[in-house]
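Colleague: Before I use this assembly in my own calculations, I would like to go through it with you by question and answer. Please show it first.

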6 protein chains.
Amino acid sequence: MGTVALLSDEEASAEALAVFNEIRAARGTAYVNNFWRALAHDPALLRATWDRLKAVMAPGALDPLVKEMLYVAVSTANGCEYCVHSHTAAAKAKGMTPEMHGELLAVIGMAAQTNALVTGLQTPVDDAFRK
Amino acid sequence: MGTVALLSDEEASAEALAVFNEIRAARGTAYVNNFWRALAHDPALLRATWDRLKAVMAPGALDPLVKEMLYVAVSTANGCEYCVHSHTAAAKAKGMTPEMHGELLAVIGMAAQTNALVTGLQTPVDDAFRK
Amino acid sequence: MGTVALLSDEEASAEALAVFNEIRAARGTAYVNNFWRALAHDPALLRATWDRLKAVMAPGALDPLVKEMLYVAVSTANGCEYCVHSHTAAAKAKGMTPEMHGELLAVIGMAAQTNALVTGLQTPVDDAFRK
Amino acid sequence: MGTVALLSDEEASAEALAVFNEIRAARGTAYVNNFWRALAHDPALLRATWDRLKAVMAPGALDPLVKEMLYVAVSTANGCEYCVHSHTAAAKAKGMTPEMHGELLAVIGMAAQTNALVTGLQTPVDDAFRK
Amino acid sequence: MGTVALLSDEEASAEALAVFNEIRAARGTAYVNNFWRALAHDPALLRATWDRLKAVMAPGALDPLVKEMLYVAVSTANGCEYCVHSHTAAAKAKGMTPEMHGELLAVIGMAAQTNALVTGLQTPVDDAFRK
Amino acid sequence: MGTVALLSDEEASAEALAVFNEIRAARGTAYVNNFWRALAHDPALLRATWDRLKAVMAPGALDPLVKEMLYVAVSTANGCEYCVHSHTAAAKAKGMTPEMHGELLAVIGMAAQTNALVTGLQTPVDDAFRK
């Protein structure tokens, strides 16, 4: 178990249940994943997180699949097991192919490597990048 | 200065200079940025890093601009100042608009936030994500 | 299992057992949690860690509950599953209510988000903050 | 400079300027710090970040000074230079004494140390912490 | 399970199987660990990673045991459970004694602590270190 | 400047000055680097940190140069600019050659890369590593 229990629909407050139902409607499924059931202990935090996530991940100048892959990249760099699983699943559902997944991982790995090399070298930033 | 000096063309070994010249040719500019000049102290590491970066960032199932934005996302999560600057500059050069930049930052920030919330909650991964 | 076995009272050295007994006395329980049983392979490291922890977490200018919540915050940012669990449990034992837990998580999530935004923006530090 | 320029009041859009003015009113100062001036390139992101920060950091079950110290703790663990500076300054403004600052740092350092030890040991979480 | 299935020898492509067999030959065992079986979905990434790992970890100016301990140190700081387990096992196989393991952990913990203290203090780098 | 001022010998308390003088004696130099001058605001934290650092970094089952390189590895993974600079300088002073530095960086970079790949793949730990 986590640091709090997962709340069922019956255990959730009315405010939390309303968010669960918005998640269901937005995703076209009855399933509400564990993250939201854990967050439901604090309905205001649940509401703020869901509303913001929906806005940030909506189609815009970047398409939703690119946003999911960015989410996977950040979650991987931050070492978040849950988030890597949930957003990789979401990216696959939005059309990420095995080839795209392989390239995503290759870029993440390459970035982590050069991030570490630069940090070990403490290379000063080129003026050309700061203009 | 960094933990090693930046090597000029004159100071670099022949092997390192060969990599500098490949970088110039690939990018269509005489400018070689500081990261490569620092790495040049170890020509084998310079060679391996450049060869791999070129392969990973080449067009494939993901387009180069998406790859640059993924690089920025990882570099931001890893807190690498140099890499955030250099890859944001590269993304702009490849067509990232201010609107795309804003959405990139919004996704990075959102992911960082939910990564932290999930970690604080220690939410167990749903079976649905592991199938 | 971890990278080392957990040592029982019988397996622990006399020096390690002495620390176990201090932990029991300080906490008013016979239970010694896994971290200390793993550390017991190196009695000097066990001793140094326990002595320092006891001093750092003692009441002072900050009260023990605030210190536990700070510990949770750092452990969450560092992605330490064990530490998030153990220090969240400790904070609850010291009086952290569900409302306080919710606010703790909200601050952790908000900080993670703005940390990421600032890093992506590479915003220079205001002179006003450095005086 | 950062990856985007800092926007003056004159350069900011009307929506962004409205947020600047709310920040001024909330803090009782004409000064708007660099983070907000960088975020102003994306008025929607600026608005969402400010509105959420204001809500999260408001007095509640935790007092504002505790929240600022938690913010410092997370920002330190995440290695965010800007955030460490800005939130340490904010904590001092809210009454953090040198003694409190010293204890805050000691807890942050201790947590980082035991986080690393546990991770190196891969200690399994005690059932007692998961109930 | 992970975000991809582990590929058996039968499921792996010819290119991936060739890497599996090189790993077996280099290590003198029929066992191929899970990391390689997961990477095998992208044979080019598998090949590049194995070739580079073999080169980096070969005896050189640093001996292989020191390199394994450095790998454990980085993996611990990055919070990578799999890598801490696999490289601690590898270090033991190369001769790391319990005393060496204890000192390795003590250094990792000490470094994590002072990294955090310095970051919280934002101590400027001495000119003496930058010459 | 950092979040606290650097204390000169004149500004330091008697307890802090005693630590400064121990540092001078141990290192055979009059120079006391900035980290200690910042820590001196909290003489108890200064004392505890110096005493523990001295014990951890002393010759033992691992030699002091290996310990310094491990310190650099952790500091790099944690993104601590000050610590990368100070411990790289210390490693050079203890005999780290340019070839060793190059290999140290290569291992750090490789570990960071495979840490990220494993995390993105969420590869389960082999039973063989957990025995």
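**Domains, copies and contacts**

Modeller: The domain assignment of chain A, whose bounds come from an automatic or database domain assignment, gives domain 1 (1-58) and domain 2 (60-131). This is a predicted model, in which local features need pLDDT of at least 70 and side-chain atom pairs count only at pLDDT 80 or more, while totals for chains, interfaces and linings use all residues. Residues are numbered from 1 along each chain as its sequence is written, and chains are lettered from A and ligands numbered from 1 in the order in which they are written.

Colleague: What is the mean pLDDT of chain A?

Modeller: The pLDDT is the predictor's confidence in each residue, from 0 to 100. In chain A, 99% of the residues reach 70 or more, and the mean is 97.

Colleague: How many residues of domain 2 of chain A are in contact with domain 1 of chain A?

Modeller: The C-alpha centres of the two domains of chain A lie 26 Å apart. Counting two residues as in contact if their C-beta atoms, placed from the backbone, lie within 7 Å, domain 1 of chain A gives 4 residues to the contact, and domain 2 of chain A gives 5 residues.

Colleague: By what turn can chain A be laid on chain B?

Modeller: The copies are superposed by least squares on the C-alpha atoms of residues with pLDDT of at least 70 in both. Chain A can then be laid on chain B with an RMSD of 0.0 Å and a shift of 0.0 Å along the axis, by a turn of 180 degrees. That is the relation of a two-fold axis.

Colleague: Which element gives the most residues to the side of chain A that touches chain B?

Modeller: In this pair, 60 residues of chain A are in contact with 60 residues of chain B. The elements of chain A that give two or more residues to this side are α2 (34-39), α3 (43-57), α4 (64-77), α5 (81-93) and α6 (98-121), where helices (H or I, at least four residues) and strands (E, at least two) are DSSP runs, numbered from the N terminus. With 17 residues, the element that gives the most to the side of chain A that touches chain B is α6(A).

Colleague: How many residues on the side of chain A that touches chain B are charged?

Modeller: Ala, Val, Leu, Ile, Met, Phe, Trp, Tyr, Cys and Pro count as nonpolar, Asp, Glu, Lys and Arg as charged, and the others, Gly among them, as polar. On that basis the side of chain A that touches chain B divides into 36 nonpolar, 17 polar and 7 charged.

Colleague: Which kind of axis relates chain B to chain D?

Modeller: Chain B can be laid on chain D with an RMSD of 0.0 Å by a turn of 120 degrees and a shift of 0.0 Å along the axis. That is the relation of a three-fold axis.

Colleague: Which element gives the largest share of the side of chain B that touches chain D?

Modeller: The contact takes 8 residues from chain B and 6 residues from chain D. The elements of chain B that give two or more residues to this side are α5 (81-93) and α6 (98-121). The largest share, 4 residues, comes from α6(B).

Colleague: Which residue of chain B comes closest to the rotation axis?

Modeller: Judged by C-alpha position, a distance of 3.9 Å from the rotation axis marks the closest residue of chain B, which is B:Gly79.

Colleague: Why is α4(C) largely enclosed by the rest of the structure?

Modeller: A residue is buried if 20 or more other C-beta atoms lie within 10 Å of its own, exposed if 12 or fewer, and partly exposed in between, with C-beta atoms placed from the backbone. The buried residues of α4(C) pack against α6 of chain B, against α3 (43-57), α5 (81-93) and α6 of chain C, and against α4 (64-77) and α6 (98-121) of chain D. The helix is largely enclosed because its buried residues number 12 of the 14.

Colleague: How many residues of α6(C) are buried?

Modeller: Helix α6 of chain C (residues 98-121) reaches 35 Å from its first C-alpha to its last, close to the 34 Å expected at 1.5 Å a residue, the expected span being 1.5 Å times one less than the number of residues. This helix is mostly covered, and its buried residues number 21 of 24.
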